[in-house]
Amino acid sequence: MIFHTPIMAMLLASGLSSATIVWAAGFGIRVLRHWDIESGSARQLAMERRTHLVSTALVWMMVLELASLLLFVFNADRMSVMFAGSMCAVGTLNANPFGFPALMMKTAVFFGATLWLLVHRVDLKGRDYPLTRPKYGLLIAMAPLALAAAGLQLTYFLGLHADVITSCCSRLFTAEAGSIEAELAAIDPGPALLLLFGGLAVVLGLAILTRRFERAVAVYALAAALFFVADIAATVSAISPYVYEHPHHHCPFCILKPEFSHVGYVIYLPLIAGTAFGLAAGLLPQRPPPASMKTELPRIARRYVAISAGLFAASALVALVAIARSGLVLL
Amino acid sequence: MRCWIERQRYLIDFTFSSLMRRRARNLMLFAVYALVVFLLGSVMLFSHAIRQEAALLLAGAPEVMVQRLVMGRHDLVPASYLETLKRFRGVQEAEGRLWGYLFDPASDANYTLMVPSARDREHRLEAGETIIGQGVASARGVDVGETLLLRSPAGEFLKLDVNDLLSSDSQIVSADLILLSEADFRRFFRLPDGVFTDLALRVSNPREINTIIEKAARTMLDARFITRRDVLSTYESVFSWREGLLLALLGTSIMAFAIFAFDKASGLSSDERREIGILKAIGWETRDVMAMKLWEGALVSLSAFVVGFLLAYAHVFLFSAGLLDPVLKGWAVIFPRFTLVPRIDGLQIATLAFFTIVPYTAATMVPIWRAATTDPDMVMR
């Protein structure tokens with residue numbers, strides 16, 4: 001199925017972006033070893049000059065990675081008609097063993113890319129580029145992830161065959177299936193919703209605390225990561241059944257479909273962006289803070305926290321509206 | 001944020017006037033870019049529209065079709081199979097269908113002869129009557145109220161009065177269709193009573209289809225079951241494969257376009273070099289010059305993308321994709337004339353952008369950086 005148009009587009013994008021990230025990571029190693037903003041040596045000047053190219057190319061490639069994840073999920077849903085037994089993206093991703101690992105890895109790259117873009121944005125604000133080293137450190141950590149994501153995606157697409165009989169989401173997300181998806185589906189809706197809205201209250205409380213205590217930002221970053229997991233669990237356990245108005249349909253992918261007004265995107269996108277902003281806020285404060293951004297850095301971190309909390313609240317609000325409008329009564 | 005927007009606004013303003021100063025050069029790039037978008041966009045829009053058309057047509061088809069195989073070949077199905085199938089729980093309705101092909105030497109074309117379903121009140125026919133598709137009518141030069149003469153494979157002639165023509169909206173399936181009564185059909189093909197070409201099953205709950213087929217296959221060992229979903233996924237696979245193959249061939253044009261864009265972006269004129277030199281001398285940073293150049297690329301990309309896509313849209317939906325017809329549609333003597341219903345979706349636009357804007361941006365990145373890092377004294381000297 002390699003000749004499916006969106007697949008070719010995604011392979012082109014992942015080939016380009018992983019090549020760029022690996023090349024930039026090679027440059028990143030040089031930066032980590034030799035970067036000295038105080039120095040006026042030819043090597044330092046050449047590196048400073050090259051950072052313009054590397055960072056611009058990376059900004060593009062990171063944006064491409066973000067778009068590529070959306071395309072991957074959307075296309076998986078669209079291709080479900082080609083596989084016997086498949087009703088939505090789950091069936092397509094389940095058509096061979098590499099589908100879900102590819103999705104997980106692409107999501108990890110998505111987070112990495114958003115973090116990198118946010119840190120890069122802050123770095124440009126300081127006149128001495130104070131975050132250059134951590135930024136390239138993050139990039140070097142991301143390179144194997146990007147390569148793994150590209151490799152898994154290629155293996156997955158090469159192994160996609162139309163004659164495969166795959167499993168529908170209603171088989172995967174049932175309490176009896178005995179997998180992690182099944183565990184999530186088996187959580188009672190009451191505790192799941194408590195986890196979601198209680199978690200939101202904690203996250204919002206922490207966001208207010210960061211206004212007063214700078215150290216709370218790190219705690220917030222951790223809470224943001226946990227809230228992401230809690231929200232996904234609540235979506236599988238309770239929000240999805242409310243959207244479908246069916247107590248036993250727990251699929252977190254069917255809510256992306258047009259028949260449910262693409263409500264999944266409105267829940268997931270703010271959730272993912274909010275998590276990325278929260279994690280980026282946690283990465284920003286440095287000990288000791290760089291001289292050029294002594295006041296600016298904590299201010300930006302607080303702003304990222306506020307944006308993250310706002311996005312989490314927006315995602316939860318959409319879920320709440322979906323529950324309120326649903327004809328299903330679970331509680 | 002406001003400051004950032006203002007900055008970008010001034011940059012766009014400056015870039016636009018800079019583009020206008022080198023109109024001829026940029027127009028050429030724009031034309032090639034739009035042509036690439038047009039070509040790829042036409043293939044994608046056409047293939048998507050035709051897949052949608054198939055999906056819409058099949059929406060009214062029976063959930064399961066049952067054929068009988070003898071020595072691996074499609075054979076006539078006895079009526080007893082119908083009775084067996086009706087007994088399966090979940091089968092809402094089972095009906096025997098009569099249809100077949102006829103090669104007509106007079107027009108060098110193949111016709112499809114079919115007996116309308118008993119449920120189809122609109123096309124009910126008595127012996128000696130027929131309703132024909134537009135393609136048959138024009139191939140044989142007959143109209144409503146006239147007589148259609150067909151020669152059977154056994155050499156006998158069948159005279160049919162044309163009652164009506166099938167609506168031109170359904171041309172994609174009905175162009176070569178001749179509807180006739182069951183009695184005429186059986187007489188024409190010398191078909192005994194109690195046999196059908198195939199059987200059609202209606203199943204009210206789609207989740208039960210596989211279970212019904214599983215059970216039926218155990219008792220009817222020589223039967224082949226084809227579900228509507230199978231047909232749909234085959235259409236989807238075939239057309240998306242054709243589209244992909246054509247796009248892969250067009251990949252060489254994307255490559256050529258990327259090389260062209262790289263070349264254009266690398267070959268800065270002395271005017272442009274001087275302009276960058278002056279900008280840097282008056283305080284622009286490398287980052288600003290790169291932003292300006294990237295805006296230049298973005299403006300060209302956006303306008304070429306929009307124009308190319310609109311041209312592709314017009315080509316496919318207003319001019320019936322004249323350039324792609326034979327490759328993607330297929331061909332036949334009686335070929336239905338149909339206009340595709342305009343359909344655009346986000347996935348297509350995103351994919352097209354991946355195929356065009358991404359290679360363009362990748363190809364121009366290094367030349368832009370080279371231009372932006374030029375030392376002012378080097379170029380102004």
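How many residues of domain 1 of chain A are in contact with residues of domain 2 of chain A, and how many of domain 2 do they meet? In this predicted model, 29 residues of domain 1 of chain A touch 27 residues of domain 2 of chain A.

- Between them, domain 1 of chain A and domain 2 of chain A bury about 2400 Å², of which 81% falls on carbon and sulfur atoms.
- Within domain 1 of chain A, the residues that lose the most area to domain 2 of chain A are A:Phe111, A:Leu118 and A:Val122, which together account for 22% of what that side buries.

- A salt bridge joins the side chains of A:Asp77 and A:Lys257, with an N to O distance of 3.2 Å.
- The rule for polar contacts finds 2 residue pairs across the interface of domain 1 of chain A and domain 2 of chain A, with both residues at pLDDT 80 or more.

- On the side of domain 1 of chain A that touches domain 2 of chain A, at least two residues each come from helix 2 (42-78), helix 3 (89-93), helix 4 (99-125) and helix 5 (132-158) of chain A.
- Helix 4 of chain A gives the most to this side of domain 1, supplying 11 residues.
- By residue class, the side of domain 1 of chain A that touches domain 2 of chain A is made up of 20 nonpolar, 4 polar and 5 charged residues.

**Salt bridges in chain B**

- Side chains of opposite charge can pair when their charged atoms come close, and over all chains the structure holds 22 salt bridges.
- B:Arg7 and B:Asp288 meet through their side chains in a salt bridge at 2.3 Å, N to O; this pair links distant parts of the chain, with B:Arg7 in helix 1 (residues 2-21) of chain B and B:Asp288 in helix 10 (residues 286-318) of chain B, 281 residues apart.
- B:Arg7 counts as partly exposed at 34% relative accessibility, whereas B:Asp288 is buried, with a relative accessible area of 18%.
- A further salt bridge, at 3.6 Å from N to O, is formed by the side chains of B:Arg22 and B:Glu275; B:Arg22 lies in the loop between helix 1 and helix 2 (23-58) of chain B and B:Glu275 in helix 9 (residues 270-281) of chain B, so that distant parts of the chain, 253 residues apart, are linked.
- B:Arg22 counts as buried at 14% relative accessibility, and B:Glu275 is likewise buried, with a relative accessible area of 15%.
- The side chains of B:Glu63 and B:Arg228 meet in a salt bridge at 3.9 Å, N to O; because B:Glu63 lies in the loop between helix 2 and strand 1 (64-70) of chain B and B:Arg228 in helix 8 (residues 228-266) of chain B, the pair ties together parts that are 165 residues apart in sequence.
- B:Glu63 counts as buried at 13% relative accessibility, while B:Arg228 is partly exposed, with a relative accessible area of 24%.
- B:Arg21, B:Arg22 and B:Glu275 are joined into one network by salt bridges that share partners.

Technical notes: Residues are numbered from 1 along each chain as its sequence is written. Chains are lettered from A and ligands numbered from 1 in the order in which they are written. This is a predicted model: local features need pLDDT of at least 70, side-chain atom pairs count only at pLDDT 80 or more; totals for chains, interfaces and linings use all residues. Side-chain values use heavy atoms; hydrogens and water are left out. Contact means heavy atoms within 4.5 Å. Buried area is the accessible area (1.4 Å probe) that two parts lose on being put together, summed over both. A salt bridge is a side-chain nitrogen of Lys or Arg within 4 Å of a carboxyl oxygen of Asp or Glu. A polar contact is a pair of N or O atoms within 3.5 Å; within protein, one must be able to donate a hydrogen and the other to accept it, and residues adjacent in sequence count only if both atoms are side-chain atoms. Helices (H or I, at least four residues) and strands (E, at least two) are DSSP runs, numbered from the N terminus. Ala, Val, Leu, Ile, Met, Phe, Trp, Tyr, Cys and Pro count as nonpolar, Asp, Glu, Lys and Arg as charged, and the others, Gly among them, as polar. Buried means under 20% relative accessible area, exposed over 50%, partly exposed in between (1.4 Å probe, protein chains only).
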